[in-house]
Amino acid sequence: MHFLKTNIRARLQLAFFAIIGMAALAGVLSYKLLKQVIAHQQTQAQVDDLAGLLADTRIQEKDFLLWGRKTEAFYTNPTIPELDAYAETREKIATLLKNLNTNPVVQSAGLEQDLRALDQHFHKYHQLFGELITLYKQRGFKDWGLEGEMRAYIHAIEKSRSKDEQWFVLMLRRHEKDFFIRQDLKYREQVNKRSEEFIAYLEQAPLAQTDPAYTSNMIRAVKVYRSHFNKIAGLEEQIGLNHESGLQGKLLEQARLIEENAGNIQLRIGAKSQELEGNAIWVMICSCILLIASGILISLAVARNMAKPLMMLSNVMQQVRNGKEEAIDQLSGIRRQDEIGMLINSFNSMLDDVNTKVAEIQEKNKALEASSAREQERLWLGQGVNRFERILMEKQGEVEHLTDCFLRELVKYVGAVQGAVFVKHEQASESCMRLSSCYALDKKRYQHASFLPGEGIVGAVWQEKEAVFMNDIPEDYSKVRSGLGASKPRSILVVPVLNDDAVEGVLELASLSEFSPLQQELVQQVCKGLATTLATAKMQHHTRQLLEQAQRMAQELRESEEVLRQNMEEMQATQEKMRREHTRTNPLQE
């Protein structure tokens, strides 16, 4: 103790050793805390990736239901792109769940049970989705599966000989279409009832006596058609007549549980990361304050030649603490091999380490922000597709009313200012595109506008079946007008309304800003649904026309029969009169 009191160098050494020890301890604590922060942020990034992949499975499910199951490849090949993408996403999810289950951060946060529940819900979701795929493959579509076989029999039935039989066929097809469109089980009952009436008619018809083979084949075809239809209706009921029933409802429930569990894990990991960041900052601040206080105390006890560098070091540390990192250059001119030099070197190393870790944290934050932005874009796209699917389902009927509602909502959703929908019309010699609906345009001026294939941009899009995006707008293009003036649009998007490979119409949008790739993708996706709805509306209109024609022909037949009956009665009356006159004249001749 006496040596420490009399030996200034020893006291200074002891003081410097104490300061170095505190700085090292603070560095170790800061390093450990920062390491924990980085580990939590990495875990949070994995959880965010997991949430994004789970959302991708929902999108891939929608892609399969909307398009994949309706392709020939689904029934002829072992797999299709939509299911391949789903399988790849599922493998990634399984890998992430396995890594997270062995992650020390997850174990320390007590999230094993949540991850286990998430894994169970996703396993159940995958099982239900597999069952849904199996049911759709059994059901078939168009020329495949049960629906393909049913169509073959109904085509055989459509070759009926009498008009009464053709009427029954039209009724069966009408109830069949109503069921597939409205997904209502009452139409299944109507199909069964009409089939029984058809069979009863065939058994009692004159052809049953004159051509029993034909009648037997027709009855067998009707029965097989009814059986196939009931099987398809049963499969539809298992699949779900709406999004809330059947397997679709169960899938939706599992998706909600998955989203809830994933959100809970994200919240807990994020809260723990913020807590650790706060602790790390607090330790660094306390360490800096402790070092500054120690330097001030030592500066009061050292000689004049030691006070200046220590004061300079304290000033530099204060400036760095206030955000002036360029102040560190003031220490570059100090070249000392003693304890002060060691202190300066330790400070520089610690500051470099802190700056490096802070830069890494900032890069991670930027990556998380970018991931969140991509997720928002996917959510916007999915919500838009679902929204326009509901509009198309609710507004089925007249084509003009349907396109008006569809166009109005689409212009608002993508932020356009003008729009028009052209629908294909079949004429005697050729087809043309006619204006069906418009938004923010003079409809009287354009109501007779029509385009042939290859004529103008609309005709070119029709002919090429590819979308056109333009930024160089012609001068004679329709301007956007308001109460205060008019302006030329900045960009135009013209998209074909494709149903499989057939163009049902053309959609044109104009905007005062440039359409983003995401907006273009949304427009092209919803146009597929519009094309299907337009094709269905045209088919229903054609069916109604055929029914009205059959009714007119039946009425004309009844009128002709009435005229014939009156002519027969007049002829019989004339013959009776002639017979009586002949009877009166015969006795006179004899």
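How many helices and strands does the secondary structure of the protein chain come to? In this predicted model, the chain has 18 helices and 8 strands, where helices (H or I, at least four residues) and strands (E, at least two) are DSSP runs, numbered from the N terminus. Residues are numbered from 1 along each chain as its sequence is written, and side-chain values use heavy atoms, with hydrogens and water left out. Because the model is predicted, local features need pLDDT of at least 70 and side-chain atom pairs count only at pLDDT 80 or more, while totals for chains, interfaces and linings use all residues.

Of the 590 residues of the protein chain, 38% count as buried; buried means under 20% relative accessible area, exposed over 50%, and partly exposed in between (1.4 Å probe, protein chains only). Contact means heavy atoms within 4.5 Å. Among contacts between residues at least 6 apart in sequence, 65% join residues at least 24 apart.

We can turn next to the nonpolar cores. In soluble globular proteins, nonpolar side chains tend to be buried together. A nonpolar core is a set of buried Ala, Val, Leu, Ile, Met, Phe, Trp, Tyr and Cys residues joined through side-chain atoms within 4.5 Å. The largest one here has 61 residues, and Phe64, Ile157 and Phe198 have the most contacts inside it. Helix α11 supplies the largest share of this core, 11 residues. Apart from this core lies another, of 29 residues, including Phe388, Val411, Leu518 and Val526. Leaving aside neighbours within four places in sequence, Phe64 is in contact with Arg69, Phe74, Ile80, Glu82, Leu83, Phe129, Ile133 and Tyr136.

Helix packing comes next. Two packed helices are described by the angle between their axes and the distance between the axes. Axes are lines fitted to C-alpha atoms, for helices over the stretch in contact, and angles run from 0 to 180 degrees between N-to-C directions. The axes of α4 (residues 81-101) and α6 come within 11 Å and cross at roughly 165°. These two helices are therefore roughly antiparallel to each other (angles under 35 degrees count as roughly parallel, over 145 as roughly antiparallel, 65 to 115 as roughly perpendicular and the rest as oblique). On the α4 side, the contact is made by Leu83, Tyr86, Arg90, Ile93, Leu97, Leu100 and Asn101, and on the α6 side by Leu115, Leu118, Asp119, Phe122, Tyr125, His126, Phe129 and Ile133. These residues divide into 11 nonpolar, 2 polar and 2 charged, with Ala, Val, Leu, Ile, Met, Phe, Trp, Tyr, Cys and Pro counted as nonpolar, Asp, Glu, Lys and Arg as charged, and the others, Gly among them, as polar.

Helix α6 (residues 112-139) also meets α11 (residues 212-239), their axes coming within 10 Å and crossing at roughly 160°. Leu132, Leu135, Tyr136, Gln138 and Arg139 of α6 make this contact with Ile232, Leu235, Glu236, Gln238 and Ile239 of α11.

Gln254 is found in helix α12 (residues 246-299) and, at 12% relative accessibility, counts as buried. Beyond its neighbours within four places in sequence, Gln254 is in contact with His121, Lys124, Tyr125 and Leu128. Gln183, in the loop between α8 (163-182) and α9 (186-204), has a positive phi of about 55° although it is not a glycine. At 18% relative accessibility, Gln183 counts as buried. Lys465, which is not a glycine either, has a positive phi of about 60° and lies in the loop between α17 (456-464) and β4 (468-470). With 32% relative accessibility, Lys465 counts as partly exposed.
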